[in-house]
Number of protein chains: 2
Amino acid sequence: MDALFQYFKKFNPLSNEAEKAIAEISSIVTITKNKDLQPIGHTCKTIYFIKKGVARIYYFKDGIDITERFFFENSIIARVESLFTGKPSRKAIQILEDAEIIAINSTQLFKLYDTFPEIERLFRKIFEAAYVETVNRIEGMQFHSAEERYNALLNEAPNVLMRVPLKYVASFLGITQVSLSRIRGHR
Amino acid sequence: MDALFQYFKKFNPLSNEAEKAIAEISSIVTITKNKDLQPIGHTCKTIYFIKKGVARIYYFKDGIDITERFFFENSIIARVESLFTGKPSRKAIQILEDAEIIAINSTQLFKLYDTFPEIERLFRKIFEAAYVETVNRIEGMQFHSAEERYNALLNEAPNVLMRVPLKYVASFLGITQVSLSRIRGHR
DNA sequence: CTATTCTTTTATCATAAGATAAATAATTAC
DNA sequence: GTAATTATTTATCTTATGATAAAAGAATAG
């Protein structure tokens with residue numbers, strides 16, 4: 001649990017009572033490679049924090065498996081388009097390396113917002129930062145060739161390429177696996 | 001100002017005092033077509049609400065003008081990657097139709113968060129919704145041909161195509177103006 | 001109202017990436 | 001440790017989109 005509170009400190013340090021309140025609505029989950037942490041079609045009622053392992057959010061478009069994003073140690077995962085709307089998600093969370101995860105019950109968390117403004121502020125800041133990342137990602141997707149996007153990934157997040165099967169990286173970059181392979185063989 | 005408070009109601013209704021506090025840090029701006037509401041390089045210290053008019057956020061990549069997003073009546077604009085990080089923005093906000101805009105001083109707004117948790121909650125929800133939109137947009141960008149993206153825009157936001165010069169739409173879709181023109185002539 | 005500028009379309013050619021198939025290479029299961 | 005499965009690469013062919021140039025059309029300024 002300590003890793004989580006360390007992570008929180010970067011956004012908004014919490015009082016002991018607030019930490020305790022979050023600990024009470026959280027649990028530790030260990031889950032093995034290739035398992036789905038959350039399936040497609042379920043409404044997201046949990047915010048996850050990865051202590052160890054790798055995960056991705058993925059969905060199917062016209063029967064093709066598409067990776068929306070990868071997640072590594074010390075980050076928060078949630079299918080926000082479900083979490084914030086209450087609608088079922090068309091996306092799943094899959095574990096790509098055996099993982100140790102902290103699961104925070106979001107229904108109870110949102111209730112804590114009323115009694116602990118500091119918790120509301122914390123998660124406001126966490127999701128503001130995630131929003132910024134997403135906006136920046138759009139910038140990287142507009143008007144860049146597949147090769148440029150691959151090279152950017154190689155520079156900015158080489159761990160993705162080292163820890164994740166390329167077939168998942170391809171759809172994340174918005175190209176086919178074959179194209180990715182071609183690009184990697186530079187031309 | 002009323003249009004703004006009507007808009008807020010959809011997210012989190014405010015007390016009269018909170019509305020008054022926001023009114024005090026806001027001002028009305030009228031600005032004409034083609035003007036920049038905020039230039040590139042400035043740090044975003046204002047959250048705008050469009051009462052009337054159209055705007056876009058744009059930036060230059062390798063000297064090419066790229067539209068990140070369009071904004072119409074009854075929506076909030078801010079260059080969040082600057083607003084939430086305090087760093088200067090590489091993006092500008094340009095007015096595409098003579099506009100009437102409410103400008104909220106974000107520095108003062110963020111101070112109000114301490115005295116009015118309801119205001120913090122309101123903007124948390126506004127930006128959560130904006131975050132969800134952005135996540136959904138990424139989905140539309142992965143693995144879709146330019147033609148599919150054009151048709152999606154035509155269905156989901158025909159007002160963009162009716163009120164905005166096509167040269168700006170092209171970069172928004174991630175294609176050249178010439179390609180867009182070709183697609184519009186269906187092939 | 002005319003000239004100038006800006007926007008959109010059309011045309012041609014070049015190229016990056018898709019589709020499909022098949023060959024290697026690497027993992028996993030037994 | 002071997003077979004079976006899964007992942008990656010290589011090859012060929014096709015197609016969508018980029019780049020460039022030029023023409024047509026629309027908007028704006030004087």
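Which residues are the closest to DNA strand C? In this predicted model, 17 residues surround DNA strand C, and the closest of them are A:S145, A:A146, A:S179, B:K167 and B:S181. The surface near DNA strand C draws at least two residues from each of four helices, namely α6 (146-156) and α9 of chain A and α8 (166-173) and α9 of chain B. Of these contributions, the largest share is that of α9(B), which supplies five residues. When the residues of the surface near DNA strand C are sorted by class, seven are nonpolar, six are polar and four are charged.

Two or more residues of the surface near DNA strand D are given by each of α8 (166-173) and α9 (177-184) of chain A, and by each of α6 and α9 of chain B. Here α9(A) gives the most, with five residues. The surface near DNA strand D is made up, by class, of seven nonpolar, six polar and four charged residues.

The packing of helices α6 and α9 may be described next, beginning with chain A. Two packed helices are described by the angle between their axes and the distance between the axes. In chain A, the angle between α6(A) and α9(A) is about 70°, and their axes are 10 Å apart. Since an angle of 65 to 115 degrees counts as roughly perpendicular, α6(A) and α9(A) are therefore roughly perpendicular to each other. On the side of α6(A), the contact is made by A:A146, A:E147 and A:Y150, while α9(A) contributes A:S179, A:L180 and A:I183. The residues of this contact between α6(A) and α9(A) comprise four nonpolar, one polar and one charged. A:A146 and A:S179, which take part in this helix contact, are also among the residues closest to DNA strand C.

In chain B, helix α6 (residues 146-156) packs against helix α9 (residues 177-184) at an angle of about 70°, with a distance of 10 Å between the axes. The two helices α6(B) and α9(B) are therefore roughly perpendicular to each other. Within this pair, B:A146, B:E147 and B:Y150 of α6(B) meet B:S179, B:L180 and B:I183 of α9(B). By class, the residues of the contact of α6(B) with α9(B) are four nonpolar, one polar and one charged.

The relation between the two protein chains was then considered. Two copies of a chain are related by a rotation about an axis and a shift along it. Chain A is superposed on chain B by a rotation of 180° with 0.0 Å of shift along its axis, and the RMSD is 0.0 Å. That is the relation of a two-fold axis. The contact between the chains takes 28 residues from chain A and 27 residues from chain B. On the side of chain A that touches chain B, β4 (64-71), α3 (80-83) and α5 (117-141) of chain A each supply at least two residues. The largest share of that side comes from α5(A), which provides 17 residues. The side of chain A that touches chain B has, by class, 13 nonpolar, six polar and nine charged residues. Of the interface residues of chain A, 96% are also interface residues in chain B, so the copies meet through the same surface.

A:S89 is located in the loop between α3 and β6 (92-105) of chain A. A residue is buried if 20 or more other C-beta atoms lie within 10 Å of its own, and A:S89, with 22 other C-beta atoms within 10 Å, is therefore buried. Leaving aside residues up to four places away in sequence, A:S89 touches A:H42, A:T43, A:C44, A:R79, A:E81 and A:S82. Although A:S89 and A:H42 are 47 residues apart along the chain, their C-alpha atoms are separated by 5.8 Å.

A:N34 lies in the loop between β1 (26-31) and β2 (36-38) of chain A. The phi angle of A:N34 is near 75°, a positive value in a residue other than glycine. A:N34 counts as exposed, because it has 10 C-beta neighbours inside 10 Å. A:D62 is found in the loop between β3 (46-61) and β4 of chain A, and its phi is near 50°, again a positive value in a residue other than glycine. With 6 other C-beta atoms within 10 Å, A:D62 is exposed.

Definitions and conventions
Residues numbered from 1 in each chain as written. Chains lettered and ligands numbered in written order. Predicted model: local features only at pLDDT ≥ 70, side-chain atom pairs only at ≥ 80, totals over all residues. Axes fitted to C-alpha atoms, helices over the stretch in contact; angles between N-to-C directions. Parallel < 35°, antiparallel > 145°, perpendicular 65-115°, else oblique. Contact = placed C-beta atoms within 7 Å. Nonpolar A, V, L, I, M, F, W, Y, C, P; charged D, E, K, R; others polar. Buried ≥ 20, exposed ≤ 12 C-beta atoms within 10 Å, placed from the backbone. Least-squares fit on C-alpha atoms with pLDDT ≥ 70 in both. Near = placed C-beta within 6 Å.
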